[in-house]
Amino acid sequence: MAEANEHVILGIESSCDETAAALVTREGRVRAEALASQVDLHAQFGGVVPEVAARIHIQACLPLVHQVLEEAGVGWERVEAVAVTQGPGLIGCLLVGIETAKALAWLHRCPLVAVNHLAAHVYSIYLTPRQGAHLLIKAGNESNVVPVAPDPAGSSLSAEPAPVIARPALPHVGLIVSGGHTSLVWVEGPDRMSTIAQTRDDAAGEAFDKVARAAGLGYPGGPAIDRLAEGGDPRAFDLPIPMMGRDQPDFSFSGLKTAAGREAERLKAQYDGRLPEAVQRDFCASFQEAAVESLLGKSLEAARGRGVHDLVVTGGVACNRGLRRRARELTRSRPGLRVWFPHPSLCTDNAAMIAGLAWQLQPLSPSDALRLNADPGMGI
Ligand code: KG4
Ligand code: ZN
């Protein structure tokens, strides 16, 4: 629920397979959020089908907007602006969000703000989630953190140990790691980011999804591998750690994906198509460790090379427990290093990050707003 007379920005996100709407205050407090995930629908195809995704966004978008306004008890007079993802993403999906946002902004005489989805992922660490807090790891210890004073009305926060109030120092290194992206960015401010390195081929999340599919573990593969890897032996299979020992800052996951896929095929042949659970666990633990070593190794090299101590990890793969555990180990041996993870609800695609970053950006002029187009290949 928003406080009386409090103003919010309405965020709309539809770049891939989640339709989302959220209301966020100027201080970055998430007042309401709603999300319609298409994961179950696309699971039968083993991946996102763009045409199907776009059609579902059309059905879901406006009801979600109405839902968040109602939930927060906010009328249009308190909506400061409408913010929407301009890119990167699937063109048909982006256009649904953009045209909906344009129509709402025009109808309600609101400014329109175009937001870069990748920059919004990085910015999500500055938002105060509705429930819970972000995770900060330093010297091997984890603490729950919120970036601004906790909301006294927030009931769920009071049930947990009081979160520490903190935020990452600027500049810092951001790692965006999702199903569509794996990039390292240099963050000097909310609207001052530049790319340090990217993946040369597959995104890390894509490798999780495809390897899980090859091993018959379902879709999306990331959460399935994360779950099975617990209790598995990461040394059971010898898989290559991508790009390790190379001078270049880039990531590459196609070699690991191919090696793990081949291993999965060999195992399926050995076990008549169905891997015993113990083998699944070892296989997932081995794959996950190789991916995590590469992600954190390259990120820490980038932070060290630039002389900064803060690394912010965002995107769907940032939910991975093996990644968080390894970050804890690494911060033990590196004095001063701090690794930040947004609350899981802000790691995967969401509209709060779009609305939150929009407070820091210039709205489009009315004529530019009507001309806004999707930018499917938008970079940082
Ligand atoms: O950020 P996101 O929701 O959407 C994109 O922009 O891609 O990320 C989705 C990706 C998927 O590839 C999914 O398998 C992965 O994030 N993912 C995970 C975990 N949860 C989601 N990967 C590893 N471990 C997880 N726990
Ligand atoms: Zn994303």
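Donors are N, O and S atoms within 2.8 Å of the metal (3.2 Å for Na, K and Ca), and sites may look incomplete because water is not among the atoms. This is a predicted model, in which local features need pLDDT of at least 70 and side-chain atom pairs count only at pLDDT 80 or more. Residues are numbered from 1 along each chain as its sequence is written.

**View 1. Protein donors of the zinc ion (ligand 2).** His-117 (NE2), His-121 (NE2) and Asp-349 (OD) lie 2.1 Å from the zinc ion. Their spacing in sequence is H-x3-H-x227-D. His-117 belongs to helix 4 (residues 117–123), whereas Asp-349, 232 residues apart from it, lies in the loop between helix 11 (344–347) and helix 12 (352–358); helices are DSSP runs of H or I with at least four residues, and strands are E runs of at least two. Both His-117 and Asp-349 are buried, that is, under 20% relative accessible area (1.4 Å probe, protein chains only).

**View 2. Angles at the zinc ion (ligand 2).** The four donor atoms subtend angles of 93 to 144°, and the arrangement is therefore irregular.

View 3. Strand 4 (residues 79–87) runs parallel to strand 5 and is joined to it by five bridges. Ala-83 stands opposite Val-113 in strand 5.

Key. Chains are lettered from A and ligands numbered from 1 in the order in which they are written. Side-chain values use heavy atoms; hydrogens and water are left out. Four donors count as tetrahedral if all angles lie between 85 and 135 degrees; four count as square planar and six as octahedral if opposite donors are over 155 degrees apart and all others between 65 and 115; anything else is irregular. Buried means under 20% relative accessible area, exposed over 50%, partly exposed in between (1.4 Å probe, protein chains only). Two strands pair if DSSP finds at least two bridges between them.
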